[in-house]
Structures are given as C-alpha cells and as structure tokens.
Amino acid sequence: MIDLKKILDDFISYIVIEKGLAKNTALAYRADLDKFSDFCTEKNIPADQFKHHDITDFLWEMKVKGLKPRSIYRIMESLRQFYKFLNAEDIIENNPTTYLATPKIPENLPGMLSFDEVTLLLNSVSGVDEMHVRNRAMLELLYATGLRVSELISLKFSNININERFLRVIGKGSKERLIPFGKKSGDFLKIYLNKRKPKISEEDAFFITRLGKKISRVEFWRQLKNIAKNAGISKNITPHTLRHSFASHLLSGGADIRFVQEMLGHSSISTTQIYTHLDKDRIKQQHKKFHPRG
C-alpha cells in the first residue's frame, strides 16, 4: 500500500520542477487530488488499487456534490497526470484513467471588443498627468501585445526595450517569450517614461502608483472599469478583454495562428483556436468569395 500523502507531495514536486508548471497550476492539481485522497480514505481503497469503476464512482460523487462539468474535467486531467506519474515510477501497472470519457463542456467564448470599441477606450484616456499617461501606456501595451494582466503589472525596466520595441516576458510555468509591439504603443511608453518618477535600477517595476509602488491587479482593474465607464462602453470589461481582443483581431486580420499562440504564451494551439470561432462573419465572407458555389 502506498503512502498517498508522500506520493502526492512527490507528484507536485515533479510537475513544478521537472515539467515547469506554474505554482498556481500546481496548487489547483493539489486541491483536486486532495479531494481524491479524501475519497480514498472514505472508501478505504488505496489509490494504487483503484480500478476504472472506482475512478468513475469518485467523479460521480463530485458531480452529485454540485461540481460543474468544467471542474470535473479539470479533476479528470489531474487524475490522468497523477496516474501517468505512478505508471512512470513503476508504482502501478494498469492506469485506471485510460478510458475515461471526457464530459461535454459548454463553450464559453471570451468577451472581446470591436476595433472601434478598443479605439474609443484608448482615446478616452487623454489626460497629461503621470497617472493618465501611465494608464494610457498600460492599455496601449496590453492591446499591442496580448499580455496577461499579471505579466503587465510585473514588467520591470529590464524587460522592456523601447527602442527595439519588444518585451521579454516570463509567463506561466516560468516560460520566457519575446513579444514585439508597435510604434504607437512605444511612443506612449516613452511619454510615460518622461513623466514617471526616476528609476532606481533595471529591476524596478515599470508601472507604479502615485506612491511609487508596483501597481496591483486590483488597482489596474479599478482604473480600467472607470475608463470604460467614462468612454461609454457598457460591456463588462476586464484586463483579459483586451488580451482576447488582441488575439481575435490578429486572427481576423489574417495572422498565422501559431504566431498568435506564441505571442499569447499558450502551451497548446487548441487554447488559441477558440479565437477562430469569434469571427463568423469573416468566415462566411471567405466561403462566399472562394467556394465555387458560394
């Protein structure tokens, strides 16, 4: 019989150190597998002796407790990776997750803005004081690069090359990527830099508050909500809305999906493909234009 707690600790160390998964992802895996551990204790079945029907019993219990299909799918993925690990470590011979049926998950297309709405949002930030200039520079850069908000607020001077117009970003799983940005966003970064309090070192946060501290997610979210309201945009806008808009606008303009995948920092192209569903009008136009019976 295996020591499940120790094995789970070993597994989490493995996915962080060897697979390079982000800390938050590892915590999500652990939370899922702790539920599984509780089920093992409740049923008095060691994890290394689980059969396919024991796994489905566990997943059914999660459904009965009210977990949504997306949460159950995530638990299934956690179990699959855990049992693959047990296989690789020669702790088990047969993997009980091999033939699990994936639940149908409703497709939640990300919210986005049209190009005109993005233009309206950006142009509504027109003040000349340091905070207005900072907000405009942050929004311009967010739309120009598709950064996650956590990546945006964590930028340091050493991450930004304004003259060459590219960023060096450490994303999920500590993976580094280089992202170019355009002249317009570069110009707003220069304007902000001239307004910003003097930097101390290359490791200083680039975007700061009035008190000289790194801006937080909550503060930037609050600023964005106010900007959208003042611009007369009624949609529910979050920092991710500009990331979604960036991806969708690139693809609708004809950009290669693998280029967009690289820019967004997606590990799988299937994650990027959701944006191809957003531009149905363009798809219809292309079909009508090129199909011989269009």
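Buried residues have under 20% relative accessible area, exposed residues over 50%, and partly exposed residues lie in between (1.4 Å probe, protein chains only). The structure is a predicted model, in which local features need pLDDT of at least 70 and side-chain atom pairs count only at pLDDT 80 or more, while totals for chains, interfaces and linings use all residues. Residues are numbered from 1 along each chain as its sequence is written, and side-chain values use heavy atoms, with hydrogens and water left out.

**View A. Asn-44 in the loop between helix H2 and helix H3.** Helices (H or I, at least four residues) and strands (E, at least two) are DSSP runs numbered from the N terminus. Although Asn-44 is not a glycine, it has a positive phi of about 55°, and because its relative accessibility is 69%, it counts as exposed.

**View B. Arg-165 in the loop between strand S1 (160–161) and strand S2 (166–170).** Arg-165, likewise not a glycine, has a positive phi of about 60°, and its relative accessibility of 33% means that Arg-165 counts as partly exposed.

**View C. The contact of helix H1 with helix H4.** The axes of H1 (residues 4–17) and H4 (residues 69–88), lines fitted to C-alpha atoms over the stretch in contact, come within 11 Å and cross at roughly 100°. The two helices are therefore roughly perpendicular to each other, a class covering 65 to 115 degrees on a scale from 0 to 180 degrees between N-to-C directions. Contact (heavy atoms within 4.5 Å) involves residues including Phe-11 and Tyr-14 of H1 and Phe-82 and Phe-85 of H4.

Technical notes: Parallel < 35°, antiparallel > 145°, perpendicular 65-115°, else oblique.
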